Amino acid sequence: MFNGCLYFNLNGLTRRINAEAELAFAVTGLSPPQAYLLRIILAEPGLTAGEAAARLLLAPSTVTRFADALLVRGLLERRAGEDGRQVRLFPSQEGVRLGEQVEVCAGHLAARLKQAIGEEFFVSLVQDVRQARGRLEGEP
């Protein structure tokens, strides 16, 4: 009945990938979105929540909640920006240490998915989903 339904099939795939991601990051004590936020801040220290949200394709308020959880765990620090108005996110020393484990987990997740569906299909699927998202958002 729903074989040709993008909504139904993409949601089913998303739920399955979420389950795999939760398993992959469980050893860190972080949810997958928290782990990805930490990865973003480690890659680009000093981002605002809004900048991180844009990179993660999430609402700034959602990223703020994830950042709050990482702050409570001592993995991130908030610092005032140069103009004193914007708050920027930086990894703490503990965040840097956990970040190494998070990267290993992310690698294991990608390897698991590639093994399950095939590496060529995995790469193609990621590209196709990104392109579809972009088109729906009005990108050329």
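Student: Which residues does threonine 48 touch, not counting residues up to four places away in sequence?
Tutor: Threonine 48 touches Gln86, Val87 and Arg88, where contact means heavy atoms within 4.5 Å. Bear in mind that this is a predicted model, where local features need pLDDT of at least 70, side-chain atom pairs count only at pLDDT 80 or more, and totals for chains, interfaces and linings use all residues. Residues are numbered from 1 along each chain as its sequence is written, and side-chain values use heavy atoms, with hydrogens and water left out.

Student: Where does threonine 48 lie?
Tutor: In the loop between α2 and α3. Helices here are DSSP runs of H or I with at least four residues, strands are E runs of at least two, and both are numbered from the N terminus.

Student: And is threonine 48 buried or exposed?
Tutor: Threonine 48 counts as buried, because its relative accessibility is 10%. Buried means under 20% relative accessible area, exposed over 50%, and partly exposed in between, with a 1.4 Å probe and protein chains only.

Student: OK, switching to leucine 71. What does leucine 71 count as?
Tutor: Partly exposed, because leucine 71 has 22% relative accessibility. Leucine 71 sits in helix α4, residues 60–72.

Student: Which residues is leucine 71 in contact with, leaving aside neighbours within four places in sequence?
Tutor: Leu76, Glu77 and Arg78. As for leucine 58, which is 13 residues from leucine 71 along the chain, the two C-alpha atoms are separated by 19 Å.

Student: Zooming out, what pattern does the chain follow along the sequence?
Tutor: The order is α-α-α-α-β-β-α-α, so to speak six helices and two strands in total. Of the 140 residues, 30% count as buried.

Student: What volume does the largest pocket have?
Tutor: About 1600 Å³. On a 1 Å grid over the protein atoms alone, a pocket is an open set of points where a 1.4 Å probe fits, with protein on both sides within 12 Å along at least five of seven lines. Grid points are joined across faces, edges and corners, and the volume is the space filled by probe spheres set on the points.

Student: Which residues lie nearest the centre of the largest pocket?
Tutor: Thr14, Ile17, Tyr36, Val126 and Val129, out of 33 lining residues; lining residues have an atom within 4 Å of a point. The elements giving two or more residues to that lining are α1 (6–25), α2 (32–43), α3 (49–56), α5 (93–117) and α6 (119–136).
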